[in-house]
Amino acid sequence: MFSGKQTKPTFKSYLPPLQTDSKKSPQLPIKKLEAKLLPGEIVVNEANFVKKCISTESCQDGLWGKLVCTNFKVSFIPHNSLPLQRFQCTHRLLGEHDISLACVEQVVTVNDVKGKQKILGSNQKLKFNPTELILYCKDFRIIRFRFDEAGPESAKKVCLAIAHYSHPADPQLLFGFEYVGKRYHGSTDETVNGIDPGGGLQTPLFDCSSDWDREIKRTGASEWRVCTINQGYFISPSLPEFFVVPVSLADQDLKQYACCFYSQRIPLWCWNHSSGSALVRMSNISDPLQQRKVEQRISSAIIKSHPLRSDVFKSDLDKNLPNIQDIQTALLKLRQICVIEPFEESEEKWLSSLDSSRWMEYVRTFLKHAVDVVYMLESRHVSVILIEKEDRDLSCVISCLVQLMCDPHCRSLHGFQGLIQKEWVMAGHRFLDRCNHLKKSDKEESPLFLLFLDCVWQLWNQYPAAFEFTEVYLTVLGDSMWVPVFSTFLFNCPRQRAEHSRDFASSKSIHLGQDQALRFPSVWDWSQQFSLKDQTLFNNPLYVGKIATCVQNGTVKTFTHRRSKKNYSSTMRGLPSAMRNGSLGPNDTLTRRNSLMLRLRSDLSQVREQQETPSERFIRDWFSRPVDLQGLLLPQLLPSHLSVWKLYFLRWVPEAQIPQGGPITAFHKLSLLTEEIEMLQNQLRQYNGAGCTPNNPHTEHSKMYFKATSTPHQSLVPPEYLSSSFPFSPMGNLCRPGILGTPLSKFLNGAKIWLSTETLANETI
């Protein structure tokens with residue numbers, strides 16, 4: 001199909017011409033390629049004979065097929081697909097070569113002949129015919145398509161369609177509305193909130209008073225009650241209809257004080273410590289004349305709710321934490337260095353760029369502040385009020401981290417999901433604005449939820465056996481923000497969801513019946529996205545619950561895990577074997593590459609010891625005791641203890657994928673071992689008449705992704721295609737220059753490199 005003119009040869013060649021991809025492309029078999037569409041999904045535009053680049057070198061190799069733009073995704077349908085990985089996670093809403101439009105960060109068109117490049121936005125014109133389309137995604141992918149064999153007009157139209165539909169002008173233009181309208185209100189399926197009524201959605205949504213009442217009883221908050229004054233969002237538009245307040249505060253007082261708070265956001269109860277101390281969050285008081293009076297009244301009510309009548313500690317998050325713009329800037333810098341484009345082989349600044357992005361610094365700052373709050377609750381036995389201007393951003397991160405550290409229930413799968421539902425979704429975090437689904441204002445965009453997941457991963461990485469879920473689960477959860485089908489990450493507050501869904505139902509003549517609004521599915525119903533087999537990847541084989549069963553001498557017994565060895569994270573810097581719990585012993589030496597300072601000065605440690613705060617002493621004392629995985633967990637906070645979340649940030653980098661190796665191999669062997677132990681325990685229970693029926697492999701679903709081998713003594717060999725990017729397929733995302741021999745390559749291979757002498761010398765807990 002190439003139409004370029006051939007030049008006359010200057011010599012006679014006796015060798016046959018080389019066969020290139022361009023010669024093969026016109027010989028593709030003509031077959032009908034159709035995109036798989038969801039309910040409510042329509043094809044907007046498409047282009048045939050498009051090549052998707054998959055090679056690591058200059059995009060010479062690729063898959064030929066059709067590029068389709070729908071109102072939900074960018075879909076590529078190849079003529080001949082590459083072999084599917086045996087252990088690849090399959091998404092039910094998105095195919096292997098699909099990209100949700102909400103995940104598209106930037107649409108770039110290129111014309112090689114004219115040397116032009118343009119970033120496309122909504123309703124923009126394109127004056128040249130594109131030869132290449134580059135999609136920069138919010139999950140750090142870079143996808144390239146070539147139009148060398150496609151018609152120029154169809155290539156231009158599909159590029160403009162992708163740019164337009166990835167920038168919706170109104171929330172009701174998001175695909176989630178069409179999907180819900182067709183799938184759950186335009187069919188005869190008996191579904192409630194996007195799930196089968198007979199199903200097992202166990203995560204509380206906190207959209208009714210009973211969920212809050214159960215949480216009060218679970219935490220023992222006897223002096224707190226469920227408040228209903230915001231039903232119909234009568235008091236505050238951004239608060240949920242039900243929330244928890246002190247018993248001593250009457251509804252009439254709350255209605256009176258509401259106008260004094262920013263956005264009428266009355267203080268919200270989050271959680272109660274076993275000592276009776278409460279964790280509360282509230283917005284700033286907007287009326288300076290009433291500030292002292294209202295603060296005293298609120299503080300007095302919280303003090304009365306404490307059995308010891310302990311005082312209240314106020315934590316101003318706006319003064320102690322970075323703002324949302326700083327966090328967004330840090331992510332942009334991090335994304336720039338993680339996507340490795342452009343990247344030269346002589347690059348020597350990757351680690352320093354990572355340091356200067358300040359992302360890891362902000363992760364450490366949030367963890368540190370959460371530990372300070374834990375100290376007040378755990379050691380000082382006082383209630384804590386988290387104060388933020390709007391109480392919708394920073395407080396979501398801190399309140400969740402505090403509960404994760406203190407409450408083992410929040411480290412279970414359903415407990416963690418309920419925590420996010422309570423502290424993010426129902427508390428009114430601006431997911432629509434912070435995720436910038438409408439791409440209206442970059443000033444409102446900020447990756448606070450991703451920062452929170454990174455903080456959780458740091459804690460998980462240090463104490464993996466304390467969490468029921470895996471690193472894969474956290475990665476999938478982060479990706480779910482860009483699948484605009486679920487209400488969980490789609491709106492700024494519950495009221496906005498209700499209003500927009502009612503308006504959409506009215507415009508589409510959808511009969512809602514007794515429902516007040518469209519019933520969007522919740523992201524916590526994972527069967528919407530993954531099969532049962534793939535969902536087993538969420539189960540952590542290392543996890544030891546509060547009460548676990550075992551068989552000893554033929555008798556079923558229970559035990560509580562109390563002790564565990566420290567699990568130090570694999571970091572980009574070396575961790576001396578003599579280091580314990582983030583502190584240095586008297587004979588410890590910190591060695592590092594290319595360093596003139598082989599030991600920290602003793603006078604520096606003496607100064608720090610003299611200036612040790614009560615909070616630091618509390619942390620030091622805690623680390624001196626054995627770890628109780630079902631009790632309080634504190635993260636190690638030296639910079640050398642924090643790692644880069646490679647599975648999320650670097651999973652699309654080719655050199656980060658280690659065939660038949662990497663951490664996934666250990667996970668595979670643990671899964672096999674756990675599966676075999678469970679099978680043997682069931683056999684022992686059956687043999688000893690413990691009332692357990694034999695397992696039927698056809699009826700009982702396995703808890704592990706990998707099945708135990710039929711012969712226990714058979715050697716366990718890593719399966720084919722198992723790589724460190726498991727279970728995410730890197731297919732179609734390998735279009736990157738090589739990075740071998742660079743600092744990043746050494747980092748990915750586990751090299752222990754210190755960032756700087758100054759950073760090392762200034763490390764503090």
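Two residues are in contact when they have heavy atoms within 4.5 Å of each other. Among contacts in this chain between residues at least 6 apart in sequence, 74% join residues at least 24 apart. The model is a predicted one, where local features need pLDDT of at least 70 and side-chain atom pairs count only at pLDDT 80 or more, while totals for chains, interfaces and linings use all residues. Residues are numbered from 1 along each chain as its sequence is written, and side-chain values use heavy atoms, with hydrogens and water left out.

**The chain as a whole**

The chain has 23 helices and 16 strands; these are DSSP runs numbered from the N terminus, with helices (H or I) of at least four residues and strands (E) of at least two. Of its 765 residues, 55% count as buried. Here buried means under 20% relative accessible area, exposed means over 50%, and partly exposed lies in between, using a 1.4 Å probe and protein chains only.

Let's start with helix H4 (residues 209-219), whose buried residues are Asp211, Trp212, Glu215, Ile216 and Thr219. They sit on the same side of H4 because they cover an arc of only 140° around the axis, the arc being that of the directions from the helix axis to the C-beta atoms. Arg214 and Lys217, on the other side of H4, are exposed. What do the buried residues of H4 pack against? Their partners are strand E9 (224-227), strand E10 (243-246), strand E11 (268-272) and helix H12 (413-425). Just after H4 comes Gly220, with a positive phi of about 75°.

**A buried serine in a loop**

Ser480 is found in the loop between helix H15 (471-479) and helix H16 (494-507). Its relative accessibility is 2%, so Ser480 counts as buried. Leaving aside residues up to four places away in sequence, Ser480 touches Phe489, Val523, Trp526 and Gln529.

**Cavities**

The structure holds five cavities of 30 Å³ or more. A cavity is a set of points, on a 1 Å grid over the protein atoms alone, where a 1.4 Å probe fits but cannot get out; its lining residues have an atom within 4 Å of a point. Volume is the space filled by probe spheres set on the points, which are joined across faces, edges and corners. The largest cavity has a volume of about 160 Å³. Of the 18 residues that line the largest cavity, Leu331, Arg434, Pro447, Met481 and Trp482 are the closest to its centre. Helix H8 (324-338), helix H13 (431-434) and helix H14 (448-462) each supply at least two residues of this lining.

**Aromatic pairs**

A search of the whole structure finds 38 aromatic pairs. Rings of Phe, Tyr and Trp (its six-membered ring) pair if their centres lie within 6.5 Å; planes under 30 degrees apart are stacked, over 60 edge-to-face, and the rest tilted. Two of the pairs are set out here.

| Pair | Centre to centre | Angle between planes | Class |
|---|---|---|---|
| Tyr375 and Phe618 | 5.5 Å | 50° | tilted |
| Tyr648 and Phe649 | 5.4 Å | 80° | edge-to-face |

The pair of Tyr375 and Phe618 links distant parts of the chain, 243 residues apart: Tyr375 belongs to helix H10 (residues 359-378) and Phe618 to helix H19 (residues 614-623). Tyr375 is buried at 9% relative accessibility, and Phe618 is buried at 12%. As for the other pair, Tyr648 is buried at 0% relative accessibility and Phe649 is buried with a relative accessible area of 2%.

Definitions and conventions
On a 1 Å grid over the protein atoms alone, a cavity is a set of points where a 1.4 Å probe fits but cannot get out, and a pocket is an open set with protein on both sides within 12 Å along at least five of seven lines; lining residues have an atom within 4 Å of a point.
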